[in-house]
Amino acid sequence: MENRVTGQHFELRSQVREFLAEQLAAGAFVPSVDAWLCGWDENFTAALARRGWLGMTVPEQYGGHGRSFDERFVVTEELLAAGAPVAAHWIADRQIVPSLLKYGTEEQKSTFLPRIVRGECFFGIGMSEPDSGSDLASVRTRAVRVEGGWSITGTKVWTSGAQRAHAFIVLARTNPVDPAHRHAGLSQFIVDLQAPKVDVRPIISMNGGHHFNEVVLDEVFVPDIRVFGEIGNGWAQVTSELSFERSGPERFLSTFPLLTGSVEHPTAQHEPADPELGRLVARVAGLHHMSTAVADALQRGENPDVPAAVVKVLGTTVEGDIAEFADQRTGDDTQPDPRWAHLVATAVDQRPGFTLRGGTNEVLRGVIARGLGMR
């Protein structure tokens, strides 16, 4: 695997690095932490689209490039390592594309995939709900059959980018809860975020950032052509999608600019042979191998839910440790460069969310334990 990635894709990796160097030199972006969540820049997304680096795994018949998950991994890893602003297209490219290819109708693929590839259509995810935590089976949003479609009522929370996105995929209950089969009776729908009776309410982070939202649906009409997958198959579809959400390089590279900065930045207080720095580099290298293995499994059409959960738990832990490492070694008695100080402070502010998003690490340890116990 490693020989194939470093050999076959070396040229692609070099092209991405050259592109990023050009963008930095032109002042197109300033490296940031958590850029895949907070760095919304539609111009940068358009530039990636022009290079063919969006929708890389989308077949050519839908306007895509028909490339592999390995190749997509190379591109996304380089973008994240550079702290590039990729939030606008991230969810659509990471999660919606493979879900549409697997569960979408021909009309849905033809409508959304070409626009995603061109960087013109942005998506959100409507899974989490207030007071539900990571228990997706407790979904209370309801979809009721009406003439020509469905009427959806409920509230989704932590919906990243909903204030700017065009649509999101909503998990709703289409049948009453069966205590013996809590995962049954769930379905998914593609909902227009600009549709009547959709209310997007901002959730402002403690540092003033706005990337999370609460989305209230009040009898929102969704036509039959926007039913996603099969009615009643929502749980199987969601768990399949979560492998894409949990296993990517964004689960261990959110704070990578701090790791490179800790080596290069003159105000970072550490010895050149700092053993903790070495340990962090080694942990990131190990996660790179694990995450590429998951990408390879996805390429084969497998559902690597347990390995993806492992990557998420270990990855979000190490990116938090990188934030702490940079914070401790910046020091209060120095006069750090304002950009570096802002980068460190942002990482520290964001750190509490690392192990929560995409399913809490506590819940995922249960997923791992059950998965390993069944093997």
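This is a predicted model: local features need pLDDT of at least 70, side-chain atom pairs count only at pLDDT 80 or more; totals for chains, interfaces and linings use all residues.
**Notes on salt bridges, a helix pair and a strand glycine**

1. Next, have a look at Arg226, which makes a salt bridge with Glu107; here the closest N and O atoms are 2.7 Å apart. This pair also links distant parts of the chain, 119 residues apart: Arg226 is in the loop between strand 7 (210-223) and strand 8 (227-228), and Glu107 is in helix 7 (residues 106-117). Are the two partners buried or partly exposed? Arg226 has a relative accessible area of 14%, under the 20% cut-off, so it counts as buried. Glu107 has 33% relative accessibility and counts as partly exposed.

2. Arg201 is partly exposed, at a relative accessible area of 38%. Asp199 is partly exposed too, with 33%.

3. How many salt bridges are there by this rule? The count comes to 19. Some residues are joined up in a network of salt bridges: Arg13, Arg17, Glu77 and Glu78. As background, side chains of opposite charge can pair when their charged atoms come close.

4. Now for some helix packing. Helix 11 (residues 305-330) and helix 12 (residues 338-354) pack with their axes 9 Å apart, at an angle of about 145°. The crossing of helix 11 past helix 12 is left-handed. On the helix 11 side, the residues in contact include Lys312, Thr316, Glu319 and Ala323; across from them, helix 12 brings Trp340, Val344 and Arg351, among others. Sorted by type, the residues of this contact divide into 7 nonpolar, 3 polar and 6 charged.

5. Last, a glycine in a strand. Gly154 lies in strand 3 (residues 149-157), and at a relative accessible area of 15% it is buried. Which residues does Gly154 contact, leaving aside its neighbours within four places in sequence? They are Thr141, Val215, Val216 and Leu217. Take Val215: along the chain it is 61 residues apart from Gly154, yet the C-alpha atoms of the two are separated by 8.5 Å.

Key
Residues are numbered from 1 along each chain as its sequence is written. Side-chain values use heavy atoms; hydrogens and water are left out. Axes are lines fitted to C-alpha atoms, for helices over the stretch in contact, and angles run from 0 to 180 degrees between N-to-C directions. Helices (H or I, at least four residues) and strands (E, at least two) are DSSP runs, numbered from the N terminus. A crossing is left-handed if the near helix is turned anticlockwise from the far one by less than a right angle, and right-handed if clockwise. Contact means heavy atoms within 4.5 Å. Ala, Val, Leu, Ile, Met, Phe, Trp, Tyr, Cys and Pro count as nonpolar, Asp, Glu, Lys and Arg as charged, and the others, Gly among them, as polar. Buried means under 20% relative accessible area, exposed over 50%, partly exposed in between (1.4 Å probe, protein chains only). A salt bridge is a side-chain nitrogen of Lys or Arg within 4 Å of a carboxyl oxygen of Asp or Glu.
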